[in-house]
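Please consult the sequence and the structure shown below while reading.

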Amino acid sequence: MVLLRKVPGMPGWPAALGLRLPQKFLFLLFLSGLLTLCFGALFLLPDSSRFKRLFLPRRAAASASSSSSSASSAAASSTRDTDLPRSPPAAAEPRHASPAAPRRLRDKLRAAARLPGPPAHTAPGSRPQVRGAEPASAVPAAARDTRAAARFDYERFRQSLRHPPRGRRPAEEPETRARRMKVKEMMKFAWDNYKQYALGKNELRPLTKNGHIGNMFGGLRGATVVDALDTLYIMELEEEFQEAKKWVERSFDLNVNGEASLFEVNIRYIGGLLAAYYLTGEEVFKSKALELGEKLLPAFNTPTGIPRGVINLGSGMSWSWGWASAGSSILAEFGTLHLEFLHLSELSGNPVFAEKVTNIRKVLNRVEKPQGLYPNFLSPVTGNWVQHHVSIGGLGDSFYEYLIKSWLMSDKKDSEAKKMYDDALEAIEKHLVKKSAGGLTYIAEWRGGVLDHKMGHLACFSGGMIALGAEHAGEGRKQHYMDLAAEITNTCHESYARSDTKLGPEAFRFDTGTEAMATRLSERYYILRPEVVESYMYMWRLTHDPKYRQWGWEAVKALEKHCRVEAGFSGIRDVYTTTPTHDNMQQSFFLAETLKYLYLLFCEDDVLSLDDWVFNTEAHPLPVNHTNFKAKANVQ
Ligand code: DMJ
């Protein structure tokens with residue numbers, strides 16, 4: 001238009017060019033064509049939302065812009081299920097602007113487009129090794145909440161359960177009821193003392209009557225509160241549950257800035273919050289779980305996507321444990337995220353969590369397994385094993401547990417997990433399962449091909465796990481695996497029965513003439529661990545052999561006799577003396593796991609029925625996917 005304006009004293013410029021009428025007409029036609037083209041191009045360019053805002057009314061512009069960002073993100077990542085709501089747009093402004101913001105933005109764009117970029121880590125061993133992507137808080141909380149609320153139908157979920165979570169309470173024998181009530185009383189005692197002396201700290205110190213914070217949870221507090229929530233609820237300790245809930249609502253602060261174990265935060269806090277949400281429908285548990293889940297995401301920002309073990313919940317920086325060989329990540333840690341992360345995706349509608357754990361599986365499937373076994377240390381940089389130490393106890397344990405439970409939680413659809421579990425168990429049985437001279441079956445550890453004839457207390461969960469998997473083993477294998485599960489559970493019971501306190505040591509051996517006993521001073525302690533009673537609970541549910549209830553009751557009596565002190569329960573330093581000294585620590589897993597499994601042992605099978613729930617490795621019940629999860633990860 002400006003070009004055609006007549007300047008006073010000057011002829012119009014088409015005229016100045018000396019054009020005739022038909023030529024003028026043709027020229028005007030060409031010019032108007034050109035203008036139409038330019039105008040149209042504004043709408044066709046990949047990101048024209050800003051221009052659109054100039055020409056369209058506000059509302060129309062907003063919807064046009066959101067559909068364009070959705071389409072472009074789908075195109076950038078062909079790996080996503082197109083049914084899903086998109087992750088927040090890649091260029092969303094980080095909540096806290098900082099000098100690092102432009103780089104963060106670039107990283108985020110790269111990640112969104114799955115473009116290879118230089119890894120952000122430095123040499124293994126140096127600390128911190130990885131600067132994570134921007135903290136997940138870059139996603140506005142309100143947006144997350146709206147999206148989640150729109151997606152997850154709690155009522156539909158509740159209707160999908162086959163049994164009410166707290167059971168239907170049929171008549172039962174008085175002895176079983178009395179034993180269950182005893183366990184409930186122990187839980188109340190443990191909680192009341194924690195509340196009185198340590199509320200808001202992570203654990204209770206029952207001898208000195210104060211709280212312990214420790215350094216595992218990166219500044220998060222209240223590990224015992226969050227770990228206890230679902231146990232209090234299941235035991236119908238209503239008032240105590242309300243106290244715990246109130247603490248979560250009013251005092252549970254996620255804006256912390258410390259070094260946390262990714263694994264521990266996941267199994268205790270995220271697992272505890274998810275279970276509390278699914279059991280009660282209280283939104284506060286869901287929103288805290290999602291917020292915390294997002295804070296863990298930067299730990300996955302490694303060349304392979306295998307997360308590092310330690311993360312600063314404030315900065316998102318992550319690194320490997322100083323004690324883990326060559327900057328490696330630990331099998332039992334990165335292999336124990338699957339259950340919780342699928343639920344985070346289901347509740348948030350954001351597939352990112354599911355994608356992270358699906359990728360871990362892919363890496364594990366790609367790497368060659370020595371004799372079919374999974375070593376405990378893997379490099380998050382190369383995706384290769386760092387050391388050939390294999391164990392179904394510490395460092396390996398819950399990885400195997402999460403394979404079979406992933407399959408069960410998927411309503412038996414995740415056949416990849418089932419195959420990985422079946423293959424791993426076959427290799428374990430072939431190379432690690434041994435029988436002692438006295439006829440006790442145990443699972444040894446493997447160090448580069450050499451067997452260490454030792455079994456940790458932690459490994460005693462495997463009786464329950466193998467029984468759980470046996471149900472679904474191939475033709476002819478079911479009885480075999482039930483027998484194996486029963487033998488291992490029996491060996492673990494022996495480790496308790498052969499001690500003076502009737503509680504088991506941290507590790508027991510089969511190589512120096514004695515069997516199922518600790519041979520080293522440093523392995524004689526018991527810290528209120530759950531694994532042995534966990535196996536009793538599964539064996540009871542799956543066989544109804546009364547000996548498992550009997551063994552559980554022996555454990556209850558031993559706990560009362562040796563671990564109960566004036567202000568709570570404490571671990572003991574030596575299970576082979578009837579006058580043990582106490583370690584002054586009431587572990588949060590005692591409330592989450594040990595007491596829950598003991599309680600369930602004396603309940604009917606429909607209380608937290610195995611048809612409806614899988615227990616995460618901290619005994620937090622997560623629902624089986626009867627409702628067909630929407631959040632499907634599709635990682636290539
Ligand atoms: C718990 O925190 C979990 O069971 C974990 O998997 C391993 N050990 C402790 C309890 O012993």
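## The shell around the ligand

The residues of the shell around the ligand comprise five nonpolar, one polar and five charged; here Ala, Val, Leu, Ile, Met, Phe, Trp, Tyr, Cys and Pro count as nonpolar, Asp, Glu, Lys and Arg as charged, and the others, Gly among them, as polar. This is a predicted model, in which local features need pLDDT of at least 70 and side-chain atom pairs count only at pLDDT 80 or more, while totals for chains, interfaces and linings use all residues. Residues are numbered from 1 along each chain as its sequence is written, and side-chain values use heavy atoms, with hydrogens and water left out.

The ligand is surrounded by Phe-263, Ile-267, Arg-268, Leu-458, Arg-529, Pro-530, Glu-531, Phe-589, Glu-593, Thr-617 and Glu-618, a residue being near a molecule if one of its heavy atoms lies within 4 Å of it. Helix H11 (262-280) and helix H22 (588-601) each supply at least two residues of this shell; helices (H or I, at least four residues) and strands (E, at least two) are DSSP runs, numbered from the N terminus. The largest share, three residues, comes from H11.

## Contacts and burial

From Thr-617, a backbone N or O atom lies 2.7 Å from an oxygen atom of the ligand. Taken alone the ligand exposes 290 Å², of which the protein buries 91%; these areas come from the Shrake-Rupley method with a 1.4 Å probe.

## The pocket that holds the ligand

The ligand sits in the second largest pocket, as more than half of its atoms lie within 2 Å of the grid points of that pocket. On a 1 Å grid over the protein atoms alone, a pocket is an open set of points with protein on both sides within 12 Å along at least five of seven lines, a cavity is a set where a 1.4 Å probe fits but cannot get out, and lining residues have an atom within 4 Å of a point.

About 990 Å³ of space lies in the second largest pocket. Of the 44 residues that line this pocket, the closest to its centre are Phe-263, Glu-264, Asp-397, Leu-458 and Arg-529. H11 gives the most to the lining, with four residues. By class, the lining has 17 nonpolar, 12 polar and 15 charged residues.

## The largest cavity

The largest cavity holds about 100 Å³ of space. Its lining includes Phe-334, His-338, Arg-361 and Tyr-402, and divides into eight nonpolar, three polar and one charged residues. Helix H15 (352-366) and helix H16 (397-409) each supply at least two residues of this lining.

Key:
A polar contact is a pair of N or O atoms within 3.5 Å; within protein, one must be able to donate a hydrogen and the other to accept it, and residues adjacent in sequence count only if both atoms are side-chain atoms. Grid points are joined across faces, edges and corners, and a volume is the space filled by probe spheres set on the points.
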